[in-house]
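Have the 3D view open as you read.

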Amino acid sequence: MKPKSLVLSALILASTFALNSCSAPTGEAALSSSLSPAEFQKALQEKLIAAKSGSVIELPEGRFQFDKTLSLTANGVTIRGKGMAKTVLAFKGQTAGSAGMLVKANDFTIEDVAIEDAAGDGLKTEGSTNVTIRRVRVEWTAALNEKNGPYGIYPVTSKNVLIEDSFVKGAADAGFYLGQSENAIMRRNRAEGNVAGFEVENCKNVDVYENTATNNSGGILVFNLPDLPVQGGEKVRVYNNQVVGNNAPNVAPKSQTVYNLPSGLGVSVMAIKNVEVFNNTIKDNNTANMHIISYLAMSQEIKDKTYNPFVSNVYVHDNQFGGSGKNPDARLESVLAVAKAVGQPMPDILYDGMVEPGATDAKICLQNNGEVTFANFDAANQFKKVSRDAKKHQCTLPALTAITLPQDGTKSMTSAAGGGK
Amino acid sequence: MSWAVSTKRFVVFIACLSALTLTGSCGMFSTDVTSFVEEPFPKQLSEWRLFVSGSKPMTPNKGVVPYDLNTPLFSDYADKYRFVWMPAGTSAKYSEDGVFDFPVGTVLAKTFAFPATEASGKERIVETRLLVHGKTGWVALPYVWNAEQTDARLELVANPTEVTRKADDGSVQKINYIIPNSNECKQCHDNNKVTLPIGPKARNLNKDFPYADGAANQLAYWTKVGYLKGAPAADSAPKVPAWDKAESGSLEARTRAYLDNNCAHCHQPGGSAEASGVNFSFTHSDLRKLGACKMPNSAGYSGGHQYDLVPGNPAESILLFRMESTKAKEMMPEIGRSLSHKEGVALVREWLATLKGGCGEVKLAAK
């Protein structure tokens, strides 16, 4: 009996020891709003580090102050708050790290959370596959100024991205910025008071629908830029969006690319092919409701040999336009030059008329957009032959395919009028 | 191999069990380094036995080899002590460019310390970061030293700590020293989501080290003790200069070495900042890839400067602006420092000024 009990107590001792000393328990502290800010920050970061596939990190209601980036690298994790008005991760005065939350993980979901006043980007996902961002608010509480963080919700080099029912305000560059990514849906989001509302930059296979962009400098921008590793963005559909009254002053400093975004631009399609813009309401944007242009208008020397600066195969149909170009952005000389050439108010759709040399099937097609006004401002010849005749663009293009995502149960619509009439 | 490691762990477990009943603590009996290759990892640094018990913490145990790099990463002027250990009978495979292919069980240890600010004071050891080649890949384990400086404790999320440093002008500077959490370790050590060491590459190890048994070239020494296979003679292996020793290389080579070890872990293909489109790796000679006359496009606030690097114009180069800044949203590297590296900035500035060409007239026009 005795030896047995000795062994037993040794085992008990050993297991106690294992619990107390040999393991490193982390992520076990409850995320309670009674913790101090420092304790809460530490407890949450520990949870993010300890998280395993299938982990759900529940954030309580309350306002929580952080001074450094929160980061996640574990796959298969869900972060869930109590609502984007109720669970607020506040980063005012952030001293370390640039982003509010930085995610480099697959199968990631975040929902019902707000991120305020990050030093840099609000929520950034990088190199991540299967990302769902749902009911997330990212906001800079100061009035829009160049020192606010650049990007609100920022998936980059990511794949299968769903951003829905989210809200961004105050981003110094772009509220929603999908960069160098493929297969993505942005729907039912709202961007207001940012320099750019929505940007789809160097991305392939993207659906942007049922969003609202208002009171930004620019509403929805779909484009490719040189000097980024991922090139050849294309196949983007923009439909059923409200792009109304994007006339906020562009506060970006002159040195930044986004400085060249005219304040008062509704939809921008630049240096990209295979874009379909339909069923949108695009109104009251004071430079122009829409432009379709090449990158050559940027007057930048292009050193990136893999970059195609031309725009082609853009199909704009069944949109409602109105109230365009009443007060073009006088900050930019080239906007003034175009305004002088085409007259004011500027038409709903501006096209620079630049066609890739040798391209035989490059088309810009405008169909069924009601009482739309149009101008080809003939950028290649310094506005010599401005044409307001849209007849040349009475054509159709095949409808682009709806994007499907593995994490998305609902079916997105196809363009009923696409490729038709 | 993994069987041998498990056996060792089992032996340690038994040793712990008996030690427990005698002394109430474990780790007194076995004297060899103990490698842990999977969770749970030891809570105390001493459990690894990397350093000789009862001596100053930095005296390496049997088989633990100190090493140094030609050009290191700047970390708020911390002194760094690096060590490598590999399981008996195993060795790393030499690689000319990237990090060596280290065997499972390898432990790389880097201790961060600040010298005493007064004559009577002692060096303050802050943290020891272990990079352990575990069964399923490299694992980053930050250990934080206690106030008594007797041992360090595993803290995956450590609190920042105040350290002091004597500046060049003799004044004592207070630094809010941020110990990276284990995710932040990965931010720099990831390439295509695989955690890897950064420092121990041939070009960075190719130098002499003052070993206890005499100075020797590190590549030769690692080969001699059986830690490295396939290395050529030191003089035919690649080598970067020491960034701060003018006699070790040209201004350009020293700058490129500095950028290689302070920037390229993120700014290279597969690195965290691959999307930026700049590549600071030492192994190419394309100024354009270093950002010459390249607009960052998606980097946010850049101090009013247009290009990543403007040849001949340091003041207009975003590279230098980010190196000089200590603001969270502007500074580079994004993490790992709270001070600007004055001497590193001076080096890069000097080199930028020597470059020819500029970026032509800055043209800005509307979309």
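Start with who lines the largest cavity: strand 6 (96–103), strand 8 (123–126) and strand 10 (151–156) of chain A, along with helix 2 (182–189) and helix 6 (318–324) of chain B, each put in at least two residues. Keep in mind that this is a predicted model.

**The largest cavity**
- Its volume comes to about 890 Å³.
- The lining is made up of 45 residues, and H267(B), A273(B), S276(B), M332(B) and E334(B) are the ones nearest the centre.
- Sorted by class, that lining has 23 nonpolar, twelve polar and ten charged residues.
- Domain 2 (33–236) and domain 3 (246–354) of chain B both give residues to the lining, so this cavity lies between them.

**The second largest cavity**
- This one holds about 550 Å³ of space.
- There are 31 lining residues, with L73(B), K110(B), R129(B), H189(B) and I198(B) nearest the centre.
- Helix 2 of chain B gives the most to this lining, at four residues.
- Strand 4 (107–114), strand 5 (124–134) and strand 6 (137–145) of chain B each supply at least two.
- By class, you get 19 nonpolar, seven polar and five charged residues here.
- Domain 2 and domain 3 of chain B each provide at least three residues of the lining.

**The wider picture**
- In all, the structure has ten cavities of 30 Å³ or more.
- Chain A carries three helices and 30 strands, and 61% of its 421 residues count as buried.
- Chain A exposes about 15700 Å², with carbon and sulfur atoms supplying 52% of that.

Definitions and conventions. Residues are numbered from 1 along each chain as its sequence is written. Chains are lettered from A and ligands numbered from 1 in the order in which they are written. This is a predicted model: local features need pLDDT of at least 70, side-chain atom pairs count only at pLDDT 80 or more; totals for chains, interfaces and linings use all residues. Side-chain values use heavy atoms; hydrogens and water are left out. Buried means under 20% relative accessible area, exposed over 50%, partly exposed in between (1.4 Å probe, protein chains only). Accessible areas come from the Shrake-Rupley method with a 1.4 Å probe; for residues, only the protein chains shown count as cover. On a 1 Å grid over the protein atoms alone, a cavity is a set of points where a 1.4 Å probe fits but cannot get out, and a pocket is an open set with protein on both sides within 12 Å along at least five of seven lines; lining residues have an atom within 4 Å of a point. Grid points are joined across faces, edges and corners, and a volume is the space filled by probe spheres set on the points. Ala, Val, Leu, Ile, Met, Phe, Trp, Tyr, Cys and Pro count as nonpolar, Asp, Glu, Lys and Arg as charged, and the others, Gly among them, as polar. Domain bounds come from an automatic or database domain assignment.
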